[in-house]
Amino acid sequence: MAAPLGEEGRLMVDTVATATAVRIRPQGITGERARALWAAAWPPIVFVVAVIALWELAVVALDVPPFVIAKPTDIAAELVASAPLLLDATWVTTQEVLWGFVISVVVGIAIALVVVRFRWVDRAVYPLIVLFQVVPKVALAPIFILWFGYTMTPKLVLIVVMAFFPITLNMVLGLRRVDEDQLLLMRSVGSTKNQILMQVQVPTSLPYLFAGARIAITLAVIGAVVAEFSGAQAGLGYLIQFSATQLDTALMFAALIVVSVLGLFFYYLIDGVELLVRRRFPHIANAAD
């Protein structure tokens with residue numbers, strides 16, 4: 001028969017049990033997260049693999065010429081063989097996208113603040129901004145090149161023209177979606193319109209701003225490629241156009257894949273920044289809910 005434990009022995013057993021539970025709990029959570037991630041990831045993975053396999057089989061079975069459509073295996077080989085060329089083009093396009101996106105954010109936020117702060121600007125300018133979005137952006141690229149030459153400037157202007165609108169639209173929506181009780185409280189203590197705008201409306205609009213930024217970053221990638229179509233000597237858009245003229249469909253599809261991955265990377269980068277902001281300032285997320 002075992003001897004009864006004293007107070008010190010019971011304390012030691014409790015400490016060991018607590019430490020064991022602390023070690024086990026994160027493993028359970030990690031396993032659950034892994035299973036959840038796999039459950040979300042396997043359907044698109046299986047679908048993509050099936051599409052690629054059918055693509056390869058169809059090209060081989062129908063004996064499609066390589067200048068019409070390349071096989072996935074040829075595209076993969078081209079990605080490896082032309083990696084230095086693709087990396088150089090990606091760097092050029094990345095610079096254009098980042099600079100254009102940053103300028104778009106600044107312009108979009110500035111327009112949204114002015115529109116919400118001054119009602120006459122809302123009535124006079126905002127309808128024209130909406131109307132301007134109907135203009136085909138591809139048609140503007142040659143005009144910008146004529147005005148600014150074959151430099152980075154026309155590319156940045158086209159990116160800004162394409163990307164600023166979702167930022168402005170979403171932020172205006174967020175600035176106007178403010179709790180009326182908060183507005184009444186700020187007015188009751190004598191706050192000015194500018195103080196209300198910066199202390200209440202702007203924090204409330206940040207989740208909407210990030211929603212617009214996710215759309216804007218994808219439009220920035222599209223704008224950079226369109227601008228490179230019209231006049232460029234480097235970049236992924238130039239590489240796509242050049243390979244198309246040379247009937248090099250493997251290189252063209254390889255560049256298209258890189259463009260798609262680049263856009264996806266920037267999209268989730270904005271998503272990650274928003275997650276960090278929400279964790280650092282949880283009251284901002286709560287204000288929009």
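**Close-up views of the predicted model**

**View A. Trp 147, an exposed aromatic residue.** With a relative accessibility of 59%, Trp 147 counts as exposed, since the cut-off for that class is over 50%. The model shown here and in the other views is a predicted one. Phe 148 reaches 36% relative accessibility and therefore counts as partly exposed. Phe 144, Trp 147 and Phe 148 together form one aromatic cluster.

View B. A search of the whole structure gives eight aromatic pairs.

**View C. The aromatic pair of Tyr 267 and Tyr 268.** The ring centres of Tyr 267 and Tyr 268 are separated by 5.4 Å, and the planes are at 85 degrees, so this pair is edge-to-face. The angle cut-off behind that description is over 60 degrees. Tyr 267 counts as partly exposed, with a relative accessibility of 31%. Tyr 268, by contrast, is exposed, its relative accessible area being 51%.

**View D. Asp 63 in the loop between α1 and α2.** Asp 63 belongs to the loop that links α1 (7–62) with α2 (72–81). Its phi is near 55 degrees, a positive value in a residue that is not glycine. Most residues other than glycine have a negative phi. The relative accessibility of Asp 63 is 65%, so this residue counts as exposed.

**View E. Leu 247 in the loop between α10 and α11.** Leu 247 is found in the loop between α10 (236–245) and α11 (249–280). Although Leu 247 is not a glycine, its phi is positive, at about 60 degrees. At 52% relative accessibility, Leu 247 counts as exposed.

**View F. The chain as the setting of the close-ups.** The chain contains twelve helices and zero strands, and its pattern along the sequence is α-α-α-α-α-α-α-α-α-α-α-α. Of its 289 residues, 36% count as buried. Among contacts between residues at least 6 apart in sequence, 75% join residues at least 24 apart. The accessible surface of the chain amounts to about 17700 Å², with 72% of it belonging to carbon and sulfur atoms.

How values were computed: Residues are numbered from 1 along each chain as its sequence is written. This is a predicted model: local features need pLDDT of at least 70, side-chain atom pairs count only at pLDDT 80 or more; totals for chains, interfaces and linings use all residues. Side-chain values use heavy atoms; hydrogens and water are left out. Helices (H or I, at least four residues) and strands (E, at least two) are DSSP runs, numbered from the N terminus. Buried means under 20% relative accessible area, exposed over 50%, partly exposed in between (1.4 Å probe, protein chains only). Rings of Phe, Tyr and Trp (its six-membered ring) pair if their centres lie within 6.5 Å; planes under 30 degrees apart count as stacked, over 60 as edge-to-face and the rest as tilted. Contact means heavy atoms within 4.5 Å. Accessible areas come from the Shrake-Rupley method with a 1.4 Å probe; for residues, only the protein chains shown count as cover.
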